[in-house]
Amino acid sequence: MTKILRLHPDRLFPSDSATRDIARRLYGSVKDLPIISPHGHTDPRWFAYDRPFANPAELLIIPDHYVFRMLYSQGVPLEDLGIATMDGSPTANDPRAIWRRFAERYHLFRGTPSRLWLDWVFAEAFGIDVRLEAATADHYYDVIDAALATDAFRPRALFERYNIEVIATTEGPLDPLDHHRAIRESGWSGKVVTAYRPDPVLDPDDPRFIDNVKRFCAMAGEDVGYAGYLRAHEKRRADFRAAGATSTDHGHPSAFTVNLPQQEAEALFAKVVSGPVSARDAELFRGHMLVEMARMSTEDGMVMQLHPGVHRNHNDAVRARFGKDKGADIPTAGEFVTSLKPLLDLYGNDPRLTLILFTLDEDVYSRELAPLAGHYPALRLGPPWWFHDSPEGMRRFRERMTETAGFYNSVGFNDDTRAFLSIPARHDVARRMDCGWLAQLVAEHRLEEDEAFELARALAYDLPKQAYKL
Amino acid sequence: MTKILRLHPDRLFPSDSATRDIARRLYGSVKDLPIISPHGHTDPRWFAYDRPFANPAELLIIPDHYVFRMLYSQGVPLEDLGIATMDGSPTANDPRAIWRRFAERYHLFRGTPSRLWLDWVFAEAFGIDVRLEAATADHYYDVIDAALATDAFRPRALFERYNIEVIATTEGPLDPLDHHRAIRESGWSGKVVTAYRPDPVLDPDDPRFIDNVKRFCAMAGEDVGYAGYLRAHEKRRADFRAAGATSTDHGHPSAFTVNLPQQEAEALFAKVVSGPVSARDAELFRGHMLVEMARMSTEDGMVMQLHPGVHRNHNDAVRARFGKDKGADIPTAGEFVTSLKPLLDLYGNDPRLTLILFTLDEDVYSRELAPLAGHYPALRLGPPWWFHDSPEGMRRFRERMTETAGFYNSVGFNDDTRAFLSIPARHDVARRMDCGWLAQLVAEHRLEEDEAFELARALAYDLPKQAYKL
Amino acid sequence: MTKILRLHPDRLFPSDSATRDIARRLYGSVKDLPIISPHGHTDPRWFAYDRPFANPAELLIIPDHYVFRMLYSQGVPLEDLGIATMDGSPTANDPRAIWRRFAERYHLFRGTPSRLWLDWVFAEAFGIDVRLEAATADHYYDVIDAALATDAFRPRALFERYNIEVIATTEGPLDPLDHHRAIRESGWSGKVVTAYRPDPVLDPDDPRFIDNVKRFCAMAGEDVGYAGYLRAHEKRRADFRAAGATSTDHGHPSAFTVNLPQQEAEALFAKVVSGPVSARDAELFRGHMLVEMARMSTEDGMVMQLHPGVHRNHNDAVRARFGKDKGADIPTAGEFVTSLKPLLDLYGNDPRLTLILFTLDEDVYSRELAPLAGHYPALRLGPPWWFHDSPEGMRRFRERMTETAGFYNSVGFNDDTRAFLSIPARHDVARRMDCGWLAQLVAEHRLEEDEAFELARALAYDLPKQAYKL
């Protein structure tokens, strides 16, 4: 017998009935606010050309490393899930068979946020009312596949149906921004902006770094010298701003920063663009360039985001066979107090800078990040990131950050996703969890209810708009 | 006036009534499942020879470092508790006097898991209905002492009464396994298996290491060379498997692993068995041998357990006077991402390996362990260990692990104890806490109730059986 | 329309009604107990001379780094809040204007403990019944300013109204203790004692260290040699004991300790008092002197407190312009297991020593501190400190410490404040949170209610008195 799929209207609210009543009222006031998505990884081509999405497996499984890493951890070869190989050797290519493998193992996602997001997509986006399991795999496949062929499931229609006020994509420094230009020139009213992510030309450990820097300087009409390289950043930042960008993003191995004297910086640049680079020099260059990025932000007003502390592609065998970003990125211990000091010494008190900090190391929430953000005017706290973009992760974030940093040094929610279909589900989880947390504060008489209404709205809408200058 | 001792039927369930109702239903479905105890430290002689236990103090205080360390921390000399000295100088030897000292200070255990376990033993195993305190000390002593003289309190009778389906003990690599042989040859139906814990021949920092290795090789009929040493492991692992073992266990100072080339490994072996060893060489040898143990596991199918990160016998004075394992083992910060990589590079994707990870550093739960176990097919998460084998410890484990690793990358409960009398109490705490956590997920509509029933059973029974191949 | 300010009688209690009922009963039994304040930073001159406090801004904003750092983090220049500059350049000096700036931004404190403390001061100390916001700023200013001019708001009257049984201030080693003498000689019955905080003569990184040591030895009539320096400590400790002190306090960058041989210690002393000191030598000297302080404590019975792990004055620009202690102190990762071992090897088992440990790194609660305090007789756990002196901070402390260390290895609450007006509010938060936690244990049948009553009293009153020998 198939089981019913229903999204309970009280989901994620605290179970205590007095608290839940408050949470319901708060949520009722924010659930229909437009979505502000200031940081994410959707593909601008979707919005530029509005082509239909492919089949269920290509839409929901193959690109989602949350999904396939869990299946892989339980013994399903990535080949069986249709993940493309680096050498082109064949992998599963029957999307229905891939979907069935996923459906048979859907119980593995119990208790995970993927389950919450996917169930929302199934129930709300596609109107399915039975639970996913082996017996309903084909039904799901047929319903989703048919829907994707309709106009209502094209990117722009979903964007409008999802009530997205503005969404930011993320592009690299070599991106010509053609798709963003196409969006603007199309006359469509949806607001899609880019964000400047210069890692490929900041990180000497990127295997293509030297070539990247050469192309980058060439794109900007500059010589490959330190001064030209800096000017290239300034020019490309201007190009990105012209494509709507209000922010930059930096995905460094650590939060290390350093302010090198001009001459040393020039010498270091000459070294990193000319050959093999020591680990120390690579770290120095990244750390120095973060400071340079902060300087440029004080000049051009772009909000800066720092996402440090991941051991990327930890599984060598998976990387060799399937490439990067295959669910094997593992967080490492974080440190901000010493690492960020050189940057903060220069710009931490500068009213022109906003630096939004993210971490995967929850230990630094109460120990480092909340005290730093509760003091430095330039700092703000990004939302719980990646693995912690989840009910318990959000609860820990508020519990550990709020008492020291307050609510107003946080910037509301980022969905940070390429899983476009699930964007409203992710914002909905955040709104529900924030309302639940606020309801607990009200129920425990740590906050008045009128204040909680203001905060619920601030966290869902006002703070991300203000922090990202959108 | 004496106070009543009663174990409330709703103990450890969430207090919210709607959630508690769900927890009761879930718990009702698992409370009578047989006990699977895949990792612990009971003494195989108990089951081999079925001799009665001694008096209350020797059963419940003197061997339990949880109990005597707490009394010690509040100023009770270990001598007064009958802990034996290394030099044989006398300590308290009146078990009733020792029991009274404990009873007078039973309030010190308020809020600790020891209190939960002991109260269960008092009420359920011995049928006592008044609370332990100075006034009831003698009553307790008399009741327990009398019960221990009866057949119903012999090890095998308790084993059967406790509904233990299978229990694993832990033996060192030099153990002749005679007691396990005696169990098998006795014709008794209880299933008691061993586990292979080769630390004494893997750890050059063990003061008896060189002698251990010599005896170990001799036991296996091998020369004391690297090749012979490896073959000795293979032979002894086979001996252990013949005594029912399905797992190995490794208690290293850290999770460090390294894959040394053959020639370096040989040279290192020659060094560590011939004289004083540097800290670095000891770590290298342990790290290399963990990788060798993983290799052997891929060949012989033994499940591997790693228990790293304890500063053992931190208190020099206590160690000198009373020896090892006297309640002064203190956890240290853990690290797995870099440390385990060499092992994972070789065997992390190997379907033949199961490596179960434990930690005392809760900080790595969400940062390192859940992401690792949520990706690598070979990895599973051991239950909250030692200090964290407690209601709050279990809650933190589920809260921080589940969203990233899911339930199915965890292996259910280990009691990990030598306190045989309390084994059902420990499993009961785990079942109650897991049902409470599942009930919360159901009450918050993050999981359907039928799924929670499946998970409650999986965590209590199916997962440990599967993970340990029992 | 102005909003009502009311302190709900159930504030901070769990929202579940069964648990809340228990919390109410427990709290009812402790709410009127006298305040024991064994560690804090009130000014002894207040109690010695009983002069009225100045205006609202000088009483509640300018000295409170919790308050002004939050305003600063949101862009309010410290100059605008009347914080004095190092060079004497002018800052805001209209207290009413400062108060208005604060009032307009009072929403920034939502969810922080400052909000709880301040609302208590407004409602309970001053009897204000509307909420603070821009519209009520002047009303607040007028009410508070008028009250401060009355005898009822002089320090001694507040001390008595606040039901303070004993309060400890903290003085440096060069303090002549005149104000404490004046208190004793005044005939006033209030019990105000000092505590010995020798950091200025223990820390070679203090810019005035050498001069401090010279004055210190001179004060004690000793030569500036190692033996004289140690005798000076012994004499000054005796002076402090004569002024009621029962404790010492040590605010070191880390918990590092070392026991140097006599000759090395002498040589190190000669180095640190004669010129520029390396970071390593400074750490060695501090670490060695902590061990010496422990030795003296075993001799004179003073309870020792250790507050390690803060990067003080992280913001160079703020320090240069406004000096020390301006809200830019940031915690760093803590480590006790290795760091404290040399001290514990000597005195950890000594019944004459009580060493109370504090940390800002909550990660060490369950990993290091609870296991250490649950074993060593000399160790006790200080309450959640500084940033964690808050509802969530207290909850985490009990959740992570209790199961391993028990309640009786903790020492109840310290307010640790210079904000005299808020002292009852701080103790009230602690009593409410502890009663809420105990109520949860009772509601979950982990503790009997009669035991919870005993514990509530112990945590609020008995344990601090005993631990600090007051």
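Is B:R110 buried or exposed? B:R110 is buried, with a relative accessible area of 5%, where buried means under 20%, exposed means over 50%, and partly exposed is whatever falls in between (1.4 Å probe, protein chains only). Before the close-ups, a quick word on the model: it is predicted, so local features need pLDDT of at least 70 and side-chain atom pairs count only at pLDDT 80 or more, while totals for chains, interfaces and linings use all residues. Residues are numbered from 1 along each chain as its sequence is written, chains are lettered from A and ligands numbered from 1 in the order in which they are written, and side-chain values use heavy atoms, leaving out hydrogens and water.

**View 1. A salt bridge links C:E454 to B:R110.** The closest N and O atoms of this pair are 3.2 Å apart. The bridge crosses between chains: C:E454 sits in helix α20 (residues 449–467) of chain C, and B:R110 sits in the loop between α5 (95–104) and α6 (113–125) of chain B. Here, a salt bridge is a side-chain nitrogen of Lys or Arg within 4 Å of a carboxyl oxygen of Asp or Glu. Helices (H or I, at least four residues) and strands (E, at least two) are DSSP runs, numbered from the N terminus. While B:R110 is buried, C:E454 counts as partly exposed, at 41% relative accessibility. Salt bridges with shared partners also tie A:R110, A:R115, A:D119, A:R131, B:D450, B:E451 and B:E454 into one network. Over all chains, the salt bridge count comes to 161.

**View 2. A:D345 and A:K341 pair up within one helix.** Their side chains meet in a salt bridge, 3.0 Å from N to O. Both residues belong to helix α16 (residues 341–347) of chain A, and they are four residues apart, about one turn of the helix. A:K341 counts as buried, at 13% relative accessibility. A:D345, with a relative accessible area of 33%, is partly exposed.

**View 3. A:R197 meets A:D199 in a salt bridge.** This one spans 2.9 Å, N to O. Both A:R197 and A:D199 are buried. If you wonder about the idea behind such pairs, side chains of opposite charge can pair when their charged atoms come close.

**View 4. Four residues of chain A make a positive surface patch.** The members are A:R208, A:R215, A:R319 and A:K324. Patches are made of residues with over 30% relative accessible area and no salt bridge; like charges are joined within 9 Å, and nonpolar side chains (Val, Leu, Ile, Met, Phe, Trp, Tyr) within 5 Å. Look for A:K324 in the loop between α15 (316–322) and β7 (330–331) of chain A. A:K324 is partly exposed, with a relative accessible area of 43%.

**View 5. The loop between β2 and α9 of chain A holds A:L177.** A:L177 isn't a glycine, yet its phi is positive, about 65°. A:L177 is buried, with a relative accessible area of 3%. A:E171 lies in the loop between β2 (164–168) and α9 (178–186) of chain A. At 6% relative accessibility, A:E171 counts as buried. Follow the chain for 267 residues from A:E171 and you reach A:L438; their C-alpha atoms are separated by 35 Å.

View 6. B:L12 counts as buried, at 5% relative accessibility. B:L12 also has a positive phi, near 75°, in a residue other than glycine. From B:P9 to B:R24 is 15 residues along the chain, and their C-alpha atoms are separated by 8.9 Å.

View 7. Copies are superposed by least squares on the C-alpha atoms of residues with pLDDT of at least 70 in both. Chain B can likewise be superposed on chain A by a rotation of 120° with 0.0 Å of shift along its axis (RMSD 0.0 Å).

How values were computed:
Areas by Shrake-Rupley, 256 points an atom, 1.4 Å probe, with all protein chains shown as cover. Lys, Arg positive; Asp, Glu negative; His and termini not counted. Charge placed at Lys NZ, Arg CZ, Asp CG, Glu CD.
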